[in-house]
Amino acid sequence: MGETGEAKRWNFGANEVVELSCSQNVRYFLNLLADNLDRNDTRPVIPLGHGDPSPFPSFRTDPAAVEAVCDALRSAKFNHYSTTSGLPIARKAVAEYLSRGISYQICPDDVHLTAGCHHAIDVLMSTLAVPGANILLPRPSYPMYDSRAAFSQLEIRRYDLLPEKGWEVDLDAVEALADDKTAAILVINPCNPCGNVFSRQHLQKIAETASKLGILVIADEVYKNIIFGETPFVSMAEFAETVPVMLLGSISKRWSVPGWRFGWMVTLDPHNIMKDSGLVHSLANVLNMSTDPTTFIQGAIPDILGKTKEEFFSSILETLRECSETCYEEIKKISCITCPYKPEGSMFTMAKLELSVLEDIKDDLEFCCKLAKEESLIILPGRSVGLKNWVRITFAVEPELLKDGLSRLSKFAQRHTKKQA
């Protein structure tokens with residue numbers, strides 16, 4: 001207190017933009033659900049809300065990847081700062097890896113390494129956020145894009161994914177939403193959170209629509225190798241002649257090492273549209289002001305990408321296929337939840353809540369909070385990914401743990417289903 005008894009005024013405080021942006025983040029909802037857990041419940045908490053299977057034995061990464069990291073550390077060659085966009089040996093290795101099986105040859109100079117895909121999103125949203133610009137994001141979506149776009153004060157316009165059409169993009173809505181301030185459209189394939197894989201024909205239509213509108217396609221292909229359904233994966237790189245593409249990816253999901261924080265952005269720009277517009281230069285400048293992926297991980301990347309055994313990947317996919325089947329079939333037995341599409345990729349599925357058959361539950365958030373409290377089971381409310389009164393469930397856990405979790409979900413649903421008169 002001063003001499004007059006008045007409180008001193010300080011020139012700092014909460015940042016409203018940060019508070020608003022954070023409320024659109026998966027971690028925000030996971031923390032909220034954790035606060036609702038019953039600490040007296042002795043059962044283990046079953047985490048079906050977060051796509052990180054790395055703690056589970058069935059998803060432990062390949063020993064060759066671990067050895068690659070150890071060798072890079074022991075060599076003492078990678079204790080220095082990284083160069084902007086990453087070490088040349090790592091950029092070359094990523095370019096060669098991504099060029100396998102596609103008709104587009106990726107140049108190492110077009111590869112920009114990041115500290116995981118989160119960092120790539122951060123850098124890209126910051127680069128695109130010129131005053132007045134807007135971006136087209138899917139609904140539902142991976143909400144880190146929403147958080148980072150909102151934080152950068154980039155206007156968000158949401159187009160729908162259509163569950164009745166296998167979660168395809170509503171292209172008519174895309175055309176209606178876009179204007180001369182629209183910078184880009186985000187396409188996540190395979191899809192987090194819906195579990196669908198877009199067909200080549202649909203990707204072609206997306207590329208043609210984006211080209212017509214004069215906007216960049218951001219292709220999030222983090223789950224590009226997590227495919228276990230009948231629809232084959234096709235990279236948006238195949239359509240770079242039609243529209244400029246910014247390709248995002250990482251090793252976090254395929255190798256089950258999200259904590260290693262290694263990802264990339266790739267500018268697929270055969271007609272130099274991104275380069276001539278100045279976007280590539282601005283991207284490099286944002287990277288100059290940003291952090292880098294850990295240098296010893298960059299040093300290990302050539303061996304991680306080149307020496308991991310195929311048996312490791314096939315084993316992971318078989319486990320995910322089994323778990324996705326279990327998840328889909330068990331959800332069909334629960335009267336208050338409907339899963340409109342059998343997952344074919346990623347680690348998630350979306351299911352719609354039938355609130356009319358439930359009592360004392362008004363929406364998806366209350367459903368998930370009570371589920372956490374009563375059954376020590378965490379699943380994400382759909383609002384966290386942009387779709388209220390749905391839920392997002394990850395099936396990337398140990399098969400027996402998944403069955404236990406779905407059993408708890410079934411018991412909870414039965415307990416809260418309205419009794420027939």
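**The lysine loop and the sheet**

A: Happy to! K253 lies in the loop between strand 8 and strand 9; strands are DSSP runs of E with at least two residues, helices are runs of H or I with at least four, and both are numbered from the N terminus. This is a predicted model, where local features need pLDDT of at least 70, side-chain atom pairs count only at pLDDT 80 or more, and totals for chains, interfaces and linings use all residues. Residues are numbered from 1 along each chain as its sequence is written, and side-chain values use heavy atoms, with hydrogens and water left out.

Q: Is K253 buried or exposed?
A: K253 counts as buried because its relative accessibility is 15% (buried is under 20%, exposed over 50%, partly exposed in between, with a 1.4 Å probe and protein chains only).

Q: And what is K253 in contact with?
A: Beyond its neighbours within four places in sequence, K253 is in contact with G51, V222, Y223, I226 and M347 (contact means heavy atoms within 4.5 Å).

Q: What does UniProt list for K253?
A: An unreviewed UniProt entry lists K253 as "modified residue: N6-(pyridoxal phosphate)lysine"; such annotations may be inferred rather than shown by experiment.

Q: Switching to the sheet: in what order do the strands run?
A: The 8 strands form an open, mixed sheet in the order 2-9-8-7-6-3-4-5 (two strands pair if DSSP finds at least two bridges between them). Strand 2 (111–114) and strand 5 (168–169) stand at the edges with a single partner strand each, so one side of each lacks a neighbour in the sheet.

Q: How does strand 5 pair with strand 4?
A: They pair in the antiparallel sense over 2 bridges, and E168 in strand 5 is the bridge partner of L162.
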